[in-house]
Amino acid sequence: MSIKNIIFDFGGVLMDWNPRYFYNEVFHDAAKADAFIQNICTPEWNAQMDEGRSFAECIKEKQAEHPEFAREIGMYFEGWPKMLKGPIPEGVAMLEELKESGEFHLFGLTNWSAETIDYAFNTYPFLKNSFAKVIVSGYEHLKKPEPLIFERLIHKTGIVTRESLFIDDSLPNVRTSRAMGIAAIHCVDFQATKAEITRLTGFRFKR
């Protein structure tokens with residue numbers, strides 16, 4: 001197998017995003033913030049916005065379900081920038097070295113709202129400038145781990161699946177990638193991820 005294309009997930013690989021960064025400030029109590037995120041503004045709820053639904057619509061629905069938390073739910077969009085802590089140094093260093101080598105075509109495939117991706121691109125330009133193309137779930141109205149978003153990636157980039165490698169911190173996303181014929185690495189440890197990239201591509205990191 002000769003890998004020519006490397007596809008990066010954003011959150012958890014290149015960017016540190018967590019609603020707790022904002023809601024810890026709102027509740028002034030980490031346990032209350034955790035309970036709110038686990039039971040009210042859940043990852044599953046947030047995924048609706050990643051798939052293209054508007055913040056306004058989702059917030060209004062959630063407020064109707066939980067009027068006792070209407071104020072805190074209503075803060076979700078305005079507080080979103082504080083949820084994005086910033087780049088993950090190890091992931092970005094890995095990306096930069098692969099880009100500098102010139103050996104691969106680099107792409108992004110991210111579950112991210114269409115309403116907030118421009119903030120990320122403008123605040124952290126490397127997210128836009130490092131890749132030949134970025135597939136954003138909010139624009140496609142599709143999200144990982146659904147096979148259709150991988151089909152959209154293949155269609156829009158022209159990649160050959162057997163020549164491609166996907167890196168993501170989510171195991172369901174990794175499993176779908178492999179089912180689609182794209183080699184994938186479950187990125188939970190950056191040293192292990194780099195070792196696996198080397199094993200699959202022959203590329204050797206220098207730092």
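Helices (H or I, at least four residues) and strands (E, at least two) are taken as DSSP runs and numbered from the N terminus. The structure described here is a predicted model, in which local features need pLDDT of at least 70 and side-chain atom pairs count only at pLDDT 80 or more, whereas totals for chains, interfaces and linings use all residues. Residues are numbered from 1 along each chain as its sequence is written, and side-chain values use heavy atoms, with hydrogens and water left out.

On this basis the secondary structure of the protein comprises 13 helices and seven strands. The radius of gyration, taken over C-alpha atoms, is compared with a globule rule of 2.2 Å times the number of residues to the power 0.38. The value for the protein is 18 Å, which agrees with the figure near 17 Å that a compact globule of 207 residues would have. Along the principal axes, the C-alpha atoms fill a box of roughly 55 × 35 × 30 Å. Accessible areas were computed by the Shrake-Rupley method with a 1.4 Å probe, and for residues only the protein chains shown count as cover. The accessible surface of the protein is about 10100 Å², and carbon and sulfur atoms contribute 51% of this area. Residues are classed by relative accessible area as buried (under 20%), exposed (over 50%) or partly exposed (in between), with a 1.4 Å probe and protein chains only. Of the 207 residues in the protein, 48% are buried. Contact denotes heavy atoms within 4.5 Å. Among the contacts with a separation of 6 or more, 69% involve residues 24 or more positions apart.

The protein has 24 positive and 29 negative side chains, and 5 Å separates the centres of the two sets.

Aromatic packing was examined next. Rings of Phe, Tyr and Trp (its six-membered ring) pair if their centres lie within 6.5 Å; planes under 30 degrees apart count as stacked, over 60 as edge-to-face and the rest as tilted. In one of them, the rings of Phe-55 and Tyr-76 have centres 6.2 Å apart and planes at 35°, so the pair is tilted. Phe-55 belongs to helix α4 (residues 55-65) and Tyr-76 to the loop between α5 (70-74) and α6 (80-83), so the pair ties together parts that are 21 residues apart in sequence. Phe-55 is buried at a relative accessible area of 2%, and Tyr-76 is likewise buried at 1%. An edge-to-face pair is formed by Phe-150 and Phe-166, with 5.5 Å from centre to centre and 90° between the planes. Because Phe-150 lies in helix α11 (residues 147-157) and Phe-166 in strand β6 (residues 164-168), this pair joins parts 16 residues apart in sequence. Both Phe-150 and Phe-166 are buried. One aromatic cluster consists of Phe-22, Tyr-23, Phe-27, Phe-36, Trp-45, Phe-55, Phe-69, Tyr-76 and Phe-77.

Glu-100, in helix α7 (residues 89-101), is exposed at 57% relative accessibility. Its C-alpha atom lies 14 Å from that of Asn-5, a residue 95 positions away in sequence. Glu-140, in helix α10 (residues 137-140), is buried, with a relative accessible area of 10%. Apart from neighbours within four places in sequence, Glu-140 is in contact with Ile-135, Arg-152 and Lys-156. Arg-162 is located in the loop between α11 and β6 and is exposed, with a relative accessible area of 60%. Between Arg-162 and Ala-31, 131 residues apart in sequence, the C-alpha to C-alpha distance is 45 Å.

The peptide bond from Lys-144 to Pro-145 is cis, with omega near 10°, and Pro-145 is found in the loop between α10 and α11. The loop between α10 and α11 also contains His-141, a residue other than glycine with a positive phi near 55°. His-141 is partly exposed, at a relative accessible area of 48%. A positive phi of about 55° is also found at His-28, which is not a glycine. His-28 lies in the loop between α1 (20-27) and α2 (30-39) and is exposed at 72% relative accessibility.

Terms used: Lys, Arg positive; Asp, Glu negative; His and termini not counted. Charge placed at Lys NZ, Arg CZ, Asp CG, Glu CD.
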